[in-house]
Every structure is written in C-alpha cells, then in structure tokens.
Amino acid sequence: MNTWNDIYDYSDKIFRQVLEQIEEEKPVNEFSSPEILNGRLQEQLQYDSFSAYRKLKKHRRRHTVRWYGVAAGIMLFLGLTWGWLGQGPDSEDLLTETICPGNKKAVLALADGSVWYVGDTVMTITTARENICIDSNGLFFRTPKEVVQCDDDTYHFLTVPRGGEFTMTLSDGSRVWLNAESELRFPLQFASGRRKVFLTGEAYFEVEKDTEHPFIVEVNGSEIEVLGTGFNVRSYRNEGRVVTTLAEGNVCFRSADSRILLEPGEQSILNEDGVLWKQKVDIYPYIAWKDGRFVFRKQRLEDIMTTVGRWYNVEVRFKDEESKNITFSGGMMRYEGFEVFVKMIEAIGSVKCNIEGTTVCVAKNK
C-alpha cells in the first residue's frame, strides 16, 4: 500500500468505522472537547501524509476509544473526512429521502440537427464521415476505411447536465473528462491545421502531443494553448472566474490583456474583472473529481455546497450568512449517497441540514 489512492481508501474505511461507533455511543475521552479536537487538527497540518498513515496503522490495534482522537486528527490532513475548524454540538440523525450521486450521462447534439442521449449503454451513431461510438470508456470516433478524410472542422456539442459526468476521446487521441453542468464544443476531426475546442464548465484534459499542431481550449473568451499535457479547467458561468490547474507539461493561458506560462503544480486564475495571476498549489484537490473523489482544502461551506449540489443535482439554500463562511477541509467518494455527506457535515461541523425533496437548507447549529 504505497499509493495515495490506497491510503485514501484505507483511511476512508477506518473513518466509517469510527462514524458508526460515534452513532452508537458518545465519546468519553478528552477528544470529546471541541477545543482539544481543534488543537489536534491544527497540529496535524504539520505532519507528512505518509507519516500520518503509518501512525494510524501503528495504533489500529489499540482500544476503540482511541480511534476518536487518531481518526479526527489524521483524517483532516489526508483529506478523507470533514475537518472541523470551528466547533458545535453533536447533531441528531437525519432521515431523508434518497438523493443519488451523479452518473455517466450526456446529450450529444450534432451539426445535422440530431440529438442523442448517451450514457453507459453501448451504441454506435453513424454519420456521413464518422462512426461515433459509446461504451464503458465514454465516447470515441471510428472512421470507416472507405471514407476519405476531408478538411472539415464542423463543430458539435456534448453537454453534461447537473448530476452527470462523461468522458470522451477526441479524434487526435486526446482525452477529456467532463464534470457536471459542463459543455464541450468539438469537431469530429481536427482540420485546418489546428486543434481547438470550446469549454463551458469544468473538464480535465490529457492532450496528445503534436508539436506542429498546438491544442487550444477556448474558455470564456480566453485561450489555453498546450502541446501535450494534463490540466484541469474550471469556468462555470455563475462563479465568475477561470481556474486552470496544471498537472504535467506546460500551458500558456492567454486572456484579452495578459499572458501567463504555467508549470506543473501551478494554477492561473482569471477573475471577472479581467485580472490574471498564478500561484503554486497542491493539484490533487482540483483533479480528484475525475477519479471519483471530492477533496476540499480549507474551503468555505458555500463553495463546497455549490460543488456538491451540482453533482447530486440538489438546490442548496443558506438560512444565515455565518454558515456560508464556515471552513472545512476533507473529502469523500463522489459515488456515496448524499446522506453520507450530510452526516459528515453535521457530525463534526456546526450546521444543521434540513432536506425537503431535492432542496437542502443549511443553518448554523444554535
């Protein structure tokens, strides 16, 4: 067990055991104190993640009551549960109707006016020049041998609704992961000596290297140019900014007035006022969604609920301004039921979530 994913899955399993025990009985040791717990969490920020894991493994055979403290401290740094940077009373169990996580689904709109609803079902859509294939790996193209390649870069749309995700492989072999409430405009074949797509929402790209034909992503009037690399782009209309996070390779982000070169581990941000800057970041929280995980680091609850609400297709309403600004660190698997997310928020946070249908009302726990 030497990869981040292995550690994540193992620690997530341990924490679920802790949650089950907390539901059955109240903590009886020093870690039931919010002040002490918060101090432990701050101490853990100084620890290396693998050292923390080894410490967790070392203590696994001790008495169950010790798990409350070990899990509470280590899980925050590993990003596997909701870290508490405030304090609040224990919450009661919440019974809600089932709200399901997102799944693979999208709407494919071709330039000929045809519309196709695609998902996990294997299917082939035949066009004049291409066979568009859908299977468990997403959407890809297969050109019949008898078809002659032509210089035509007519664009089509792949739209992923709220509560959905989808993966596609472009004609040059580049792969794109589309997150919920996102849209990609693309050609069946890249022509005219260029590779260009248009994005709204969020996507992760793994671009095939081609030094003679740079790959360009146009987003909100700006362009990201790459030769071959892996990067994440987030630009939802209601968020007012374009965030580009580079995992590997090199990219150039160009806005109307500025230009920035990014190296791995760097992130550019273009705000709604046209101001562009870059910063060093831990890239994992920004790309974990494509691997089926939510990971948040010291984010406002309002921002977290926006992301989670988009995936579970729920509407989130806050009853007070104070609860919007509560800060959490941590994460969970994206395919867990919504009730798991709510329990985590309420168990070690200071809010109460009331759910009616697909509407979630969040309020400060008095």
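Me: Val-160 lies in strand 8. Is Val-160 buried or exposed, and how do I tell?

Reply: Good place to begin! Keep in mind that this is a predicted model. To call a residue buried, look for a relative accessible area under 20%. For Val-160 the value is 1%, so this residue is buried.

Me: Which residues line the largest cavity?

Reply: Next to Asn-179 on the list you will find Ala-180, and the lining also includes Glu-202, Arg-234, Tyr-236 and Phe-294. Thr-307, Arg-310, Trp-311 and Arg-334 are part of the lining too. By kind, the lining residues are four nonpolar, two polar and four charged. Helix 6, residues 301–312, gives the most to this lining, with three residues.

Me: Now for the rings. How many aromatic pairs does a search of the whole structure find?

Reply: The search finds 10 aromatic pairs. To read one, check the angle between the planes: over 60 degrees counts as edge-to-face, under 30 as stacked. The rings of Tyr-155 and Phe-198 have planes at 75° and centres 5.5 Å apart, so this pair is edge-to-face. The pair links distant parts of the chain, with Tyr-155 in strand 8 and Phe-198 in strand 12, 43 residues apart. Tyr-155 and Phe-198 are both buried.

Me: And is the pair of Phe-294 and Phe-296 stacked or edge-to-face?

Reply: Their planes are at 15° and their centres 5.9 Å apart, so Phe-294 and Phe-296 are stacked. Phe-294 counts as buried at 3% relative accessibility, and Phe-296 is buried at 4%. Rings can also join into groups: ring pairs link Phe-190, Phe-205, Phe-215 and Phe-231 into a cluster.

Me: Which residue lies over the face of Trp-311?

Reply: Arg-334 does, at 3.7 Å from the ring centre. Both Arg-334 and Trp-311 are also in the cavity lining. In another case, Lys-290 lies over the face of Tyr-204, at 4.8 Å from the ring centre.

Me: One last thing. What is the phi of Asn-220?

Reply: Asn-220 has a phi near 50°, a positive value in a residue other than glycine. Asn-220 is in the loop between strand 13 and strand 14, and this residue is exposed, with a relative accessible area of 59%. Asn-313 also has a positive phi, near 55°. Its loop runs between helix 6 and strand 22. At 40% relative accessibility, Asn-313 counts as partly exposed.

Key
Residues are numbered from 1 along each chain as its sequence is written. This is a predicted model: local features need pLDDT of at least 70, side-chain atom pairs count only at pLDDT 80 or more; totals for chains, interfaces and linings use all residues. Side-chain values use heavy atoms; hydrogens and water are left out. On a 1 Å grid over the protein atoms alone, a cavity is a set of points where a 1.4 Å probe fits but cannot get out, and a pocket is an open set with protein on both sides within 12 Å along at least five of seven lines; lining residues have an atom within 4 Å of a point. Helices (H or I, at least four residues) and strands (E, at least two) are DSSP runs, numbered from the N terminus. Ala, Val, Leu, Ile, Met, Phe, Trp, Tyr, Cys and Pro count as nonpolar, Asp, Glu, Lys and Arg as charged, and the others, Gly among them, as polar. Rings of Phe, Tyr and Trp (its six-membered ring) pair if their centres lie within 6.5 Å; planes under 30 degrees apart count as stacked, over 60 as edge-to-face and the rest as tilted. Buried means under 20% relative accessible area, exposed over 50%, partly exposed in between (1.4 Å probe, protein chains only). A charge sits over a ring if NZ of Lys or CZ of Arg is within 6 Å of the ring centre and within 35 degrees of the ring normal.
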